[in-house]
Amino acid sequence: MNVSANRVVEIRKNSLRGKLLAGSGKSAVSLAIGEPGFVTPGCIVQAQAYALAQGLTHYAAQTGDPLLVKAILKHVVPEQSSLAGSNNILITHGGTAGLSCSILGLVNPGDVVLIENPTYSLYADAIRLAGGVVKSFGRHSDGGLDFEEIRSLAPAAKMIIVCQPSNPAGTILSAAEWRKLAQVARESDLIVLSDEAYDGIVFDGCEFVSALSVPELADRLIVCRTFSKKYAMTGWRVGYLVGTAELIAAASTVHRTFNGAVNTANQRAAAVALEQASQDAEAMRVEFQERRALMVSCLQDKGPLQFAIPSGAFYLWVGYPEKFGDSQEMADKCLSKGVHVRPGSEFGPGGKYRIRLSFAPDRECIVEGCRRFLSAFKGC
């Protein structure tokens with residue numbers, strides 16, 4: 001009893017994931033949440049309504065509705081891939097459940113897992129929940145992965161987690177980097193978990209390279225995706241895993257225990273997203289690029305800020321001088337000015353003097369949010 005209680009306290013103490021406060025009144029603006037400022041495309045909504053009207057309101061298959069699995073195999077997994085089978089797919093309750101069941105299903109107490117610093121905070125929390133040990137690697141100033149550091153850590157590790165494009169920095173991996181990572185993974189017998197929540201959301205003609213397109217990774221790979229970002233389906237809670245049958249089976253055991261099957265109507269809607277909503281997704285991607293430009297214009301050369309233009313996802317990773325206090329202090333001050341932001345420390349030690357801003361909301365929110373954000377630096 002005491003051991004269990006102590007472990008819970010330890011997990012909570014080390015968690016980097018902060019709560020989003022209600023705000024300073026109803027007028028608070030949020031640049032904190034990675035939620036597209038669009039309604040879900042109509043064809044997707046109509047597909048769910050049709051499914052419900054047809055009486056698809058009962059339990060679904062634990063691993064996923066066959067129509068959605070078929071759509072994923074058709075539109076996502078390369079035809080010649082060794083992962084192109086129904087036993088290589090698991091439909092999950094959003095990307096969150098996909099990541100969590102992958103980590104909890106594959107990481108044992110004491111196992112070392114490599115994650116980037118900075119990166120999405122869920123990884124570290126789930127690793128610690130499984131009793132694993134977090135070790136971090138970084139990137140070079142040009143955005144490329146620090147393979148020297150990865151190689152030094154890999155022999156003692158079981159898994160490496162990569163976010164592509166990255167959250168919070170918006171960097172992307174090239175095909176050459178994936179191949180290099182595959183070589184390191186093979187040398188040290190690493191499982192590779194690729195979080196591709198922002199698949200296809202890339203800018204300026206950059207190429208999105210999925211881990212699924214790298215044959216050298218196929219025998220040790222698990223890819224997590226979600227319909228939330230690309231198709232503006234955050235509230236629908238539909239995601240999926242693609243990986244080797246062995247890895248998928250381990251994740252599936254955890255998913256069916258904690259989550260159970262995703263409801264059928266939402267899965268049918270997700271299948272229609274893959275089949276019919278590519279133009280809608282592209283229109284949103286183009287608008288995200290415009291919103292990125294708007295946020296950059298609002299902040300560039302205005303205040304003591306430093307940031308790189310992200311190549312993917314929809315965040316600006318903003319640095320500022322230490323004299324303004326750590327990122328939590330800065331986030332609290334921003335909230336007092338009426339704007340929610342994400343403290344950089346949530347993403348790891350590298351974010352102590354950084355703030356993550358989302359340009360996923362509508363343009364009016366971006367302009368007003370940036371104005372309030374800049375006001376937090378005045379008079380300091």
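The model is predicted, so local features need pLDDT of at least 70 and side-chain atom pairs count only at pLDDT 80 or more, while totals for chains, interfaces and linings use all residues. Residues are numbered from 1 along each chain as its sequence is written, and side-chain values use heavy atoms, with hydrogens and water left out.

A search of the whole structure finds 15 aromatic pairs; rings of Phe, Tyr and Trp (its six-membered ring) pair if their centres lie within 6.5 Å, and planes under 30 degrees apart count as stacked, over 60 as edge-to-face and the rest as tilted. One of these pairs is tilted, because the rings of phenylalanine 227 and tyrosine 231 have planes at 35°, with centres 5.8 Å apart. Phenylalanine 227 is buried, at 1% relative accessibility, and tyrosine 231 is buried as well, at 7%. Here, buried means under 20% relative accessible area, exposed over 50%, and partly exposed in between (1.4 Å probe, protein chains only).

Tyrosine 320 and tyrosine 353 form an edge-to-face pair, since their planes stand at 85°, with ring centres 6.4 Å apart. This pair links distant parts of the chain, 33 residues apart. Tyrosine 320 sits in the loop between strand E9 (315–319) and helix H11 (327–336), and tyrosine 353 in the loop between strand E11 (342–343) and strand E12 (354–358). Helices (H or I, at least four residues) and strands (E, at least two) are DSSP runs, numbered from the N terminus. Tyrosine 320 counts as buried at 4% relative accessibility, whereas tyrosine 353 is partly exposed at 23%.

Rings can also gather in groups: Phe38, Tyr198, Phe288, Phe314 and Tyr315 form one aromatic cluster. The ring of tyrosine 315 has the charged end of arginine 356 over it, 3.8 Å from the ring centre. A charge sits over a ring if NZ of Lys or CZ of Arg is within 6 Å of the ring centre and within 35 degrees of the ring normal.

Arginine 356 leads on to the strands. In E12, arginine 356 is the bridge partner of arginine 342. Two bridges join E11 to E12, and these strands run antiparallel; two strands pair if DSSP finds at least two bridges between them. Three strands make up an open sheet in the order E9-E12-E11, with antiparallel pairing. E9 and E11 stand at the edges with a single partner strand each, so one side of each is left without a neighbour in the sheet.

Among the helices, H2 (residues 42–53) has 12 residues. From its first C-alpha to its last, H2 reaches 16 Å, close to the 16 Å expected at 1.5 Å a residue; the expected span is 1.5 Å times one less than the number of residues. Cys43, Ile44, Ala47 and Ala51 of H2 are buried. Seen down the helix axis, the buried residues of H2 fall within an arc of 100°, so they line one face; the arc is that of the directions from the helix axis to the C-beta atoms. On the face turned away from this buried side, H2 carries the exposed residues Gln46 and Ala53. The cover over the buried residues of H2 includes helix H9 (264–276) and helix H10 (278–299). Just after H2, glycine 55 takes a positive phi of about 85°.

Leucine 106 lies in helix H4 (residues 94–106) and is buried at 8% relative accessibility. Leaving aside neighbours within four places in sequence, leucine 106 is in contact (heavy atoms within 4.5 Å) with Asp111, Lys158, Met159, Leu247 and Ala250. Leucine 106 and alanine 249 are 143 residues apart in sequence and 10.0 Å apart in space, C-alpha to C-alpha.

A cis peptide bond joins asparagine 117 and proline 118, with omega about 10°; proline 118 is in the loop between strand E3 (112–116) and helix H5 (122–129). A cis peptide bond also joins glutamine 164 and proline 165, with omega about -10°. Alanine 313 has a positive phi of about 60° although it is not a glycine. Alanine 313 is found in the loop between H10 and E9, and is buried, with a relative accessible area of 0%.
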